[in-house]
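Good morning, and thank you for joining. Please have the structure open as I speak.

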Amino acid sequence: MSEDSFTESTTTGWFSRIGGAIKGIIVGLIMVVVAFPVLFWNEGRAVKTRKDLNQGTKEFVHVEAATVDSANEGKLIHLTGTATANGELMDGDLNVKSAALVMKRTVEMYQWKESSETKTKKKLGGSEQKDVTYSYKKTWAEGRIDSSKFKKSSEYSNPSLPIKSSSWTASPISVGGFTLSDDLVGKLQKYSPLAIDEKAELPKKIADRKVKLKSGSIYLAKKPNDPKVGDVRISYQVVLPAAVSIVSQQKGQSFVPFTGKSGTTINMLMDGEHSGAEMFESAQQSNKTMTWILRVVGFVVMFMGFSLIFKPLSVVADVLPIAGTVVGVGTGIVAFLLAAPLSLITISIAWIFYRPLIGIPLLLVACVGIFFLIKKVSAYKKSKT
């Protein structure tokens, strides 16, 4: 796998950096303001989702997949069974067939890929030198990487693809007497590789390029073992008939999403046989994970916002690089000490609104943290005086 690289250097003057940092204050303020509603909304979303999942746990009815009982019309039901479909799926371009529920064709091309690494150096007087190293290597990648956006687009050019990735889905897909809705079909994700048989009747050429078979994959290349830029590799993945578990609202012989009292939709499909209780427990865990992810996102957005607001201070101090570094560390600490309690207060207020028994103690903890922060800042100012 060949590789090439070059480095591009640019220097930004101190006054330009000051101007950029001042503009960054506006962006920072927007980020801080946005973080508050994101954190508040996330807590409400988490509580509503938990309540609706609890509702679903109490209300769902287990049914047998073999037959459809009209008495369960409009109810939240749980069932397990084998997802099946009639006939075969076929890729007409390459005559590849499979008795699968879903078949996916992945087209990769051996092509150039650009990556970059940036190193920044501060100079005496406040200017900043930025060295960007661009690297180019040949690699297999799905689709076509747009080489027109490369720094050296004239030297590293990727050709067009003779064929593109695609997928096919059986219709209808049944589980016993039920037919899966489009939403549930989209949740079938248990893919496995489909090896192309040596006896498969593949076309001899595609776009005037010879078709070759090697190790279960199709190649449009003269020498699959020694690929050149523009060579193509085609592979397949399939979702085969298998056991699935479903929790959804019955509508006729199919399903529609169930909407809880708080507005959360419940429309679950899992691979394998799982009880209704197991599926709802998995959904609760997913809700907790998403809640923590969004909390971290909200905090990071707020922290980055405060960092941008304080950025001009470190840029001003960069006239002497070591001073700018020290100030930058200090403003980073202050940004963290502001973002952490403010995020906690926002979450606490949301919990007071949605879960008061937990929110009030959490708000007190946050207030104590801010009190000690103010006290330390005051002590620092007195020591300087």
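This is a predicted model: local features need pLDDT of at least 70, side-chain atom pairs count only at pLDDT 80 or more; totals for chains, interfaces and linings use all residues.

**Charged pairs and a nonpolar patch**

Lys-151 is partly exposed, its relative accessible area being 45%.

The side chain of Lys-151 meets that of Glu-8 in a salt bridge, with a distance of 3.4 Å from N to O. This pair ties together distant parts of the chain: Glu-8 belongs to strand S1, residues 3-12, while Lys-151 sits in the loop between strand S7 (128-142) and strand S8 (166-169), and 143 residues separate the two. Glu-8, with 29% relative accessibility, also counts as partly exposed.

How many salt bridges does the structure hold? There are nine.

Let me take another of these, between Asp-91 and Arg-105, where the closest N and O atoms are 2.9 Å apart. Here too distant parts of the chain are linked, with Asp-91 in strand S4 (residues 89-91) and Arg-105 in strand S6 (residues 102-122), 14 residues apart. Are Asp-91 and Arg-105 buried or exposed? Both are buried.

A further salt bridge joins the side chains of Arg-144 and Asp-146, at 3.9 Å from N to O. Arg-144 is partly exposed at 39% relative accessibility, and Asp-146 is likewise partly exposed, with a relative accessible area of 32%. As for networks, salt bridges with shared partners connect Asp-91, Asp-93 and Arg-105 into one.

Asp-52 lies in helix H1, which covers residues 14-59. Asp-52 is buried and yet has no salt bridge. Which side chain of opposite charge is nearest to Asp-52? That is Lys-261, 8.3 Å away; a salt bridge would require the nitrogen to be within 4 Å of a carboxyl oxygen. What the side chain of Asp-52 does have is a polar atom 2.9 Å from the backbone nitrogen of Ser-262. Leaving aside residues up to four places away in sequence, Asp-52 touches Gly-260, Lys-261, Ser-262, Gly-263, Thr-264 and Ile-266.

Finally, the surface. Leu-124, Leu-320, Ile-322 and Val-326 make up a nonpolar patch there, and their accessible area together is about 440 Å². One of these, Leu-320, is located in the loop between helix H3 (276-317) and helix H4 (321-354). Leu-320 has a relative accessible area of 46%, so this residue counts as partly exposed and passes the patch cut-off of over 30%.

Methods
Residues are numbered from 1 along each chain as its sequence is written. Side-chain values use heavy atoms; hydrogens and water are left out. Patches are made of residues with over 30% relative accessible area and no salt bridge: like charges are joined within 9 Å, nonpolar side chains (Val, Leu, Ile, Met, Phe, Trp, Tyr) within 5 Å. Accessible areas come from the Shrake-Rupley method with a 1.4 Å probe; for residues, only the protein chains shown count as cover. Helices (H or I, at least four residues) and strands (E, at least two) are DSSP runs, numbered from the N terminus. Buried means under 20% relative accessible area, exposed over 50%, partly exposed in between (1.4 Å probe, protein chains only). Lys and Arg count as positive and Asp and Glu as negative; His and the chain ends are not counted. A polar contact is a pair of N or O atoms within 3.5 Å; within protein, one must be able to donate a hydrogen and the other to accept it, and residues adjacent in sequence count only if both atoms are side-chain atoms. Contact means heavy atoms within 4.5 Å.
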